[in-house]
Amino acid sequence: RSTAFGSILSPAMAEFLGEESLPRTQVVKRMWAYIKEHDLQDPKDRRKIMLDDALRRLFKAPLTMLNMNKQLSRHVFSNDTPPPPKARPPAVRRPKQGPGAGRKEPAKAKPAEKGGAKAQAKRSGGFGTVQILGPLQEVVGAEQLSRTEVVKRVWVYIRSKALQDENDKRSIIVSRDALLSTFLTEPCTMFNINKQLGPFMRKIQGNAEVSQPQKKGRYGWDDECHLSKEMEAFMGCRTSTRAKVTQKVMQHIREHKLQRPGNKQQLPLDETLQQLFTEPLTHSTLTKQISGHIVRVKSCEKGEQM
């Protein structure tokens, strides 16, 4: 992009022209002057330019009138830095004349900031420190972080495991990773991942953790739960956590290749999973169907007391 302030040249072009910066028009003009001076146009086709030793350091063959500007773009960079503005002389205040001259005006009081601390926290976007819950701790490697740092580390993990869809980098193939499958569900994209991470982050005010009321029927991922007889036979134990149950189910699905090739969100049932779930089973309904096989230990104790 040409500008009124000239262009910055690459080291190779600067050495060739003997200038560190020039307008792009001048660069093109000097290049053609060099080509004509050394008779480097092909006699059979004047649009083609033959490369000598000096031009080989700058261009790739074949070089023609049509692609010269494109190849020059690797050596000519726009310089949009404007010249420093001229210093203005300081304004001279004229003394007041007439009645009231010499009288000082009272200083205007600064308007008080509205809303106080609560409004300030709202304007900050709510990106304070959060308590990290469940399997998300294993992904980010910490128990407390700022919300922005949590999201940043999750994306580092996703890229390190190559979990982005090759055809659409905005989509994340959760089913490829056993750990992410325990708390993220497909379809997972860069637009909804923050919403999916929300339940595993609890805001902290000062040094105190803010307790958020849980929805009815929603269990913590690390809470110890009693298992149904069918899930007990599958897991090989009487109690477990929701995270471990989900992880083992996803491991079984991957080992037996139970994701439908045309649509990996759909999970056909083999003989083992038919004892636990009903069709249709998808990544979206898996968590809900697992809930029918687990009961939190504390809930059982309350029932026995009653």
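1. Aromatic pairing. Rings of Phe, Tyr and Trp (its six-membered ring) count as a pair if their centres lie within 6.5 Å; planes under 30 degrees apart are stacked, those over 60 are edge-to-face, and the rest are tilted. Searching the whole structure turns up one aromatic pair. The partners are phenylalanine 16 and tyrosine 34: their ring centres are 4.9 Å apart and their planes stand at 75°, so the pair is edge-to-face. Phenylalanine 16 sits in helix H1 (residues 11–17) and tyrosine 34 in helix H2, so the pair ties together parts that are 18 residues apart in sequence. Helices (H or I, at least four residues) and strands (E, at least two) are DSSP runs, numbered from the N terminus.

2. Basis of the model. This is a predicted model: local features need pLDDT of at least 70, side-chain atom pairs count only at pLDDT 80 or more, and totals for chains, interfaces and linings use all residues. Residues are numbered from 1 along each chain as its sequence is written, and side-chain values use heavy atoms, with hydrogens and water left out.

3. Overall make-up. The protein has 13 helices and 14 strands. It has 306 residues, and 35% of them count as buried. Buried means under 20% relative accessible area, exposed means over 50%, and partly exposed is in between (1.4 Å probe, protein chains only). Take the contacts (heavy atoms within 4.5 Å) between residues at least 6 apart in sequence: 38% of them join residues at least 24 apart.

4. Cover of the aromatic pair. Are the two partners buried or partly exposed? Phenylalanine 16 is partly exposed, at 24% relative accessible area. Tyrosine 34 is buried, at 17%.

5. Glutamine 41. This residue belongs to the loop between helix H2 (24–37) and strand S3 (48–49). Its relative accessible area is 11%, so glutamine 41 counts as buried. A polar atom of its side chain lies 3.0 Å from the backbone oxygen of arginine 46. Beyond neighbours within four places in sequence, glutamine 41 contacts Trp32, Ile35, Lys36, Arg46, Lys48 and Met50.

6. Lysine 48. Lysine 48 is part of strand S3. It is partly exposed, with 44% relative accessibility. Which residues does lysine 48 contact, leaving aside neighbours within four places in sequence? They are Leu40, Gln41, Asp42, Leu63 and Thr64. The C-alpha atoms of lysine 48 and threonine 64 are 4.4 Å apart, though the two residues are 16 apart in sequence.

7. Helix H12. In H12 (residues 283–291), the buried residues are His283, Leu286, Gln289 and Ile290. Viewed down the axis of H12, they fall within an arc of 100°, so they line one face of the helix. That arc is taken from the directions from the helix axis to the C-beta atoms. The general rule is that an α-helix has 3.6 residues a turn, so residues three or four places apart point the same way. The buried residues of H12 pack against helix H10 (242–255) and strand S14 (294–296).

8. Cysteines. How many disulfides does the structure hold? It holds zero, where a disulfide is a pair of cysteine sulfur atoms within 2.5 Å. Cysteine 188 is buried, at 2% relative accessible area. Cysteine 237 is partly exposed, at 28%.

9. Backbone points to check by eye. Most residues other than glycine have a negative phi, and most peptide bonds are trans. Alanine 61 and proline 62 are joined by a cis peptide bond, with omega about 0°. Proline 62 is in the loop between helix H3 (53–56) and strand S4 (63–64). Glutamate 186 to proline 187 is also a cis peptide bond, with omega near 0°. Proline 187 is in the loop between strand S8 (171–172) and strand S9 (188–189).

10. Positive phi. Aspartate 39 is not a glycine, yet its phi is positive, at about 50°. Aspartate 39 lies in the loop between H2 and S3 and is exposed, at 54% relative accessibility. Alanine 162 also has a positive phi, near 55°. Alanine 162 is in the loop between helix H7 (147–160) and S8. It is partly exposed, at 49% relative accessible area.

Definitions and conventions: A polar contact is a pair of N or O atoms within 3.5 Å; within protein, one must be able to donate a hydrogen and the other to accept it, and residues adjacent in sequence count only if both atoms are side-chain atoms.
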